[in-house]
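Please open the structure in a viewer and keep the sequence at hand.

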Amino acid sequence: MIRLNRQVTVFGSAIFCVVVFSLYLMLDHLQLDNTKSPNNGGDRLQNLSILQGKIDRLERLLAENNEIITNIRDSVINLKESVKDGVPGETYLLHGSRLPQRISHYFSQGRKQKQGLECLFFVCLFQLLDVYDLLTFDNPDGGVWKQGFDITYRENEWDSEPLQVFVVPHSHNDPGWLKTFDDYYRDQTQHILNNMVVKLHEDSRRKMIWSEISYFSKWWDNIDGQKRDAVKSLVERGQLEITTGGWVMPDEANSHYFALIDQLLEGHQWLERNLGEYIINISGICYLERDRGWDSTSTDILCHMMPFYSYDVPHTCGPDPKICCQFDFKRLPGGRVSCPWRVPPQPITDGNVQQRVQMLLDQYRKKSKLFRTKVVMVPLGDDFRYTEALEWDQQFQNYQKLFDYMNSHPELHVKAQFGTITDYFNALRKSATDPGHTVPSLPVVSGDFFTYADRDDHYWSGYFTSRPFYKRLDRVLESHLRAAEIIYSLTLANIRRSGKRNDFPAMENYRLLTEARRNLGLFQHHDAITGTGKELVVIDYGIRLFHSILNLKQVIVNSAHWLVLKDKSAYSYNPSKAFLQMDDIQPAQDALPRKTVLKISSQPRSVVVYNPTEQDRTSVVTVYVNTPHVRVVTDHGRPVPAQVSAVWNEPTTASTEAFQVQLSIFCRLSLGLGVYQLGEAASGRAETAEYVFFRQSGELSVNVKHFTVNIPQDASTPLSIHNPHLQVWSSPITGLMELKEDGSEHQIKVEFAWYGTTSNRDKSGAYLFLPDGEAKMYSPARPPVIRVTKGSVFSEITTTFDHVTHTLRLYHVQGVEGQAVEICNSVDIRGEFNREITMRLTSDVDSKDRFFTDLNGFQIQSRKTMAKLPLQANFYPMTSMAYLQDPGTRLTLLTAQSLGSASLKSGQLEVIMDRRLNQDDNRGMGQGVLDNKVTASSFRLLLEKRAKTDGKLSTLSYPSLLSHVSSLYLNHPLIPMAVSTEAESRSLSPLSPLASSLPCDVHLVNLRTIQSKEGGGPSDEAALILHRKGFDCALSNRNTGLLCATTQGKIRMEKLFSELKFQSITPASLTLMHTPDKGSNQEEISLKPMEISTYRVQLT
C-alpha cells in the first residue's frame, strides 16, 4: 500500500505540475502578445476575448484536475480502509500486532525496488504514527516466537549471495541497578575486563565490544602500563571496539539532551586522552556522527533493530529461544545457569558439529528473513557476562568450532565469524548499496517506538514517573552544571586576559566540575534516572547528585567572586571564609532545599545575581530576610521593584523570624552578574503582600503578623488573581480554573486523581504501569485550606490538600515570566498503598485524539490516543513540555522535571506526579517503589493564539518561540548569592560578558572547558555548543515580552562578547572527536534550524 501511495502521490504531483506549467506558458504567451501591439485598441479587445476564453478553459482544466486528484484520494482511502480491515496470510508483527499482508509484502520486496531515479536514495519513508493506525494490536500467539510468527525460507535463497553472520560478544554492565556502581565494579566488572585482555590475545579471531566508559575508565586507572598497552593493541587490531563511547548507555525517555550530550562528551574526551589515535581512527564509536560531516544534507542515522524479546542469548540467534539457549555455552550442564526450556547446550565435538550447525544455521537464516540484506548480527552476551575465564573458553571455543565447520562447507552458503558493530555495519552498507551509488537503499523511519511493551499489555510507561524526586534532582544538577561550566570558562578567559591569576583555585574547581559531569552522566543510565534501581542504589545515586550540586555551588561562587570584584588584585581564595554564599541549603540527598535567612540591618547587604541564560530577561528572584522592612536598590542606588511576603511554617501560620523578598529584576546581563543591595529602611521600602484565606465549611485560625489578612464569610466567592496578560479565577468549591488571556476566556480545570493497580497477578511496579481502570477523582477527607496572595511582584493561589500543596502563581512583570501561569505542586503520598497521583488539566481546546510531547527536550513528537490500546499504552514521556492544540489555540505545559503524560480525552492533558507501589513488577528489580519523598514539581502553563491558520494542523510540529524561552527560564532560574558580612567593604562591579543577547532561537547549550592533555587540570580551550531551535512561526509573538530577535541562524563571532575575543574558533563534531580540514577562525557562523554545532574555541 505504501508503494502505491508513493506512486499515486508522484502521479498526482506530476498532473499538478503539468497544469501549473501550462498556466505559466499561457501567461507568458499573453504577455508576449501584449508586448507586440501595446497600443492597438482592437487588438486589446481581441486579446481580452482570447484571455476570457483561455481563463474559461483553464478553469475547466483545473476542475478536471481537481476531479482526478479527488478520485485518486478516494482510491487511496478505500485501499487504506481495506488494509485496515486486514487480510489473510499476515506475516509481520510490531507492538504485538501483525502487519497486513500488503505491507509485509512491501517490506519483503523492498530490495527489488532499488531501480529508479538517481535522487531516490531511500526506498520509502515510514511514519510510525501512520503504521500504528494500520495495526490491530491483536497480540496473537506466534508459536515459538511468542510475539511474532512462523518464519519460512527456501533452501536455495543464499545460493547467489551467501549469508554473512557476525556474532558480537558483549557484556552489558549496568552502572548501578541491583548493586551500586562501585559494588558491581568490585564484584564483576573488573574481572570481565581483566579476562578480556587475556582471552582476546589468545586468538586474533576473537572480538568484543564495550560501551560503558564509566566502568572502563575506573578499570583503566587501576591497571599498569603493560596492560594498557595490551588494550591499545586490541583496539588497534579491531578485536576490542568501543561502541558509542558514552559515560553510560543512557535512558531514552527521561534524559534531557544537555545531559545526553554531556555524558557523551565526557566519554569521548576520556577516550581521546587515553586511547588517542587508536580510538579515533580504528573504532566505530561515532555512528551518530560518522558521515554527518559539515557539508552533509542528511541527518538520518543508520540503525539496527533487534527483533526479538530480549538481548540475551536465547533471544538473539533466531526466533526460537529453546534452540538459541542451547548455544549459550555458559549454560552447559554443571554450571550455575541453565536453560528454562530444559534442553541444555552440548559441547561441540567432531561427532555433533554437523547436526548442531544445521540447528543454529536454521535460526540464522530465519532471522535474516526479517532484514533487507543477507547480513545478520547476532549479539552474544547478557548482563555482566564473561566474569570468569571459564565462560570465555566455553563461548569462544565452541563457537569457533561451529564457524570453522560452516566456513569450510561452501554448500551451506554462509560465512560466520566473531565481529564488532563496525564489522556488521560495513558489511551491511556494502550489501545494501547498489552499484554506482554511495548511500544504502534502505527505508527511512520517522517517529519513535514509545510506548514500549515487552509482552501482552505490559507497557513500560511507569518508569516515565518512578521516583520523581530524583528526576527533579537530576534537572537541578543539570542547571547547576551548565551554570558552573559557563561561569568557570568565562573566569579563566578573563584571568588570561587580565594576566592576574592570583590564587584562583582553577585546578580544584576543575576537579569538582569533572566529578559533577561524571555523576550527572552516571545518573543518565537506564536504571538510574528511570527510577528502576534498588533502594540502596537509589540512595547512592542521590548522594552523588547531592554532593555534586554542593560542589558546583562552590565553583559558581568562586568564579563569581573573581569576576565581580572591581579590583582583581584584591582577590583572595579562602575556603573557610567564603566571599559569596548561596541562598539555599539542601540538608540531605533526600530532602528539599531550604532558603537561608539573610540578616539585614541599616547597613546594606549586597546580593550578586547570576543570569546563566544567554538572554536579557526580566525575572523574579526570591531571597529570605529577617525583617519585613526592606529596601532594594541597584549598585547605582536605583530602587528595584520588590515585594515582601510571608514565609509559611504551616498553611495558616507565618514565621515571625523570616520573610520572603521578591525582586523584580530587569537583567540586561546575559551570562552576567548583577549587584543589588538590601537594607532595612523606614521609608521607600518594598510593598508587603496581602492575604485572603478560605476554607469551605470549616473554621480557620490564621496566625500572621506584619501583613493584611482577610477571611471572607462567603466562602463561595470566586478567587481571582491577574496580571497585565492573564487573569485566573479559581473556585474554592469546584477547583475550576478559568483562564483569560488578552480578552479571550478559556475554561481550564485543574484536578487531581488516583490510579490504582490491577487485580491481576502482574501489577504495577517501577517499570510497568498496570492501572485498575480509569483514574478516580481525588476527594480529600477534609476541605482544603486556600490562601490567596496579592502583591505588586506576584500573586498566587495556594491550595493545601492532604497529599498535595498546589500553587498557581502569576508574575506582574513585563516580560516572558508574565506570560504563563506557574504551577507548583508539593506531593506527599508516603502513606498510600498501590496508588499513583495524577494532575489533570481539562480545557476547551478541541485537540481531539492528538497531542504532542517532546523527546529529550530536543524535538516534538506527535502523539495519538488510541482506543484500541490499553490506557497505559497512551502515556508518553514528557521531558520538557507537552501541548494540545486546535486550529486557533495552543495550550502548552512546560515542565522542570521528566514525568509521564497523556491526553486521554480531547482537550485533556494529565501528568503522573508520583507513584507508590507495594510490589515488584517482575522485571528484575525485586522491589516495589516504597521510598517516596516529599516531592516538589514545577510547571508553567502557556495559552497561545495561532496568528495564521488554514484550519489544518500538521503532525510535524514545533514549540513556539515563547515556549522555548519560557522553558529556558523555568529550567535555568537566576542564581542569587549573598556577599558575606565580613566582605561588604569590597567594591563590586556588575559583569556583562556578552555584547548582546543571542538570537531568540539560538541556545548556548554549554561553554565547557576542555581538560589539558597534560595532567587533570583545565586547558585554555573550551567546547562552545550552540543549538538553533526550530519554532512554529504561526503562533503569535505579539506582546510576548521577548527581548531578543532572530537572525536566520547567523552569529557574528567577533561581536559575540563585549570584551573577550576569540583567539581561535574551529568547527568540530558534536563531541570534538573530529575536525574539518578547513573552516577555522570563522568570523560568522550559520546554524540551520534544529542544528546543534560544537566549536573548539580559545577565549582571551
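The stops below concern a helix, the cysteines and the cavities. Please bear in mind throughout that this is a predicted model.

**First stop: helix α7**

Select residues 225-236, which form helix α7. The helix has 12 residues and spans 16 Å from its first C-alpha to its last, close to the 16 Å expected at 1.5 Å a residue. Which residues of α7 are buried? They are Ala230, Val231, Ser233, Leu234 and Val235. Now move to Gly238, which follows α7 and has a positive phi, near 80°.

**Second stop: the disulfides**

Next, display the cysteine side chains. A disulfide is a covalent bond between the sulfur atoms of two cysteines. How many disulfides are there? The count comes to three. With the bonded cysteines counted along the chain, the pattern is 1-2, 3-4, 5-6.

Begin with Cys317 and Cys324, which are joined with an S to S distance of 2.0 Å. The torsion about their S-S bond is about -90°, and the disulfide is therefore left-handed. Cys317 counts as buried because its relative accessibility is 3%, under the 20% limit for that class. Cys324 is likewise buried, with a relative accessible area of 0%.

Continue to Cys325, which forms a disulfide with Cys339 (S to S 2.1 Å). Here the torsion about the S-S bond is about -105°, so this disulfide is left-handed. Both cysteines lie in the loop between α10 (321-324) and α11 (353-368), so the pair ties together parts that are 14 residues apart in sequence. Are these cysteines buried or exposed? Cys325 counts as buried at 0% relative accessibility, and Cys339 counts as buried at 8%.

Now select Cys1000 and Cys1044, joined by a disulfide with an S to S distance of 1.8 Å. With a torsion of about 110° about the S-S bond, this disulfide is right-handed. The pair links distant parts of the chain, 44 residues apart. Cys1000 is found in the loop between β41 (975-979) and β42 (1002-1011), and Cys1044 in the loop between β43 (1018-1028) and β44 (1050-1052). Both Cys1000 and Cys1044 are buried.

Cys303 counts as exposed, because its relative accessibility is 59% and the class begins over 50%. Cys824 is partly exposed, with a relative accessible area of 25%.

Rolling a probe the size of a water molecule over the atoms shows where empty space is left.

To locate the largest cavity, select His256, Tyr257, Ser967, Asn971 and Lys1029, which lie nearest its centre among the 23 residues of its lining. Then colour α8 (257-274), α14 (468-498), β34 (859-864), α17 (961-971) and β42, the elements that give two or more residues to this lining.

Note on methods
Residues are numbered from 1 along each chain as its sequence is written. This is a predicted model: local features need pLDDT of at least 70, side-chain atom pairs count only at pLDDT 80 or more; totals for chains, interfaces and linings use all residues. Side-chain values use heavy atoms; hydrogens and water are left out. Helices (H or I, at least four residues) and strands (E, at least two) are DSSP runs, numbered from the N terminus. The expected span of a helix is 1.5 Å times one less than its number of residues. Buried means under 20% relative accessible area, exposed over 50%, partly exposed in between (1.4 Å probe, protein chains only). A disulfide is a pair of cysteine sulfur atoms within 2.5 Å. On a 1 Å grid over the protein atoms alone, a cavity is a set of points where a 1.4 Å probe fits but cannot get out, and a pocket is an open set with protein on both sides within 12 Å along at least five of seven lines; lining residues have an atom within 4 Å of a point.
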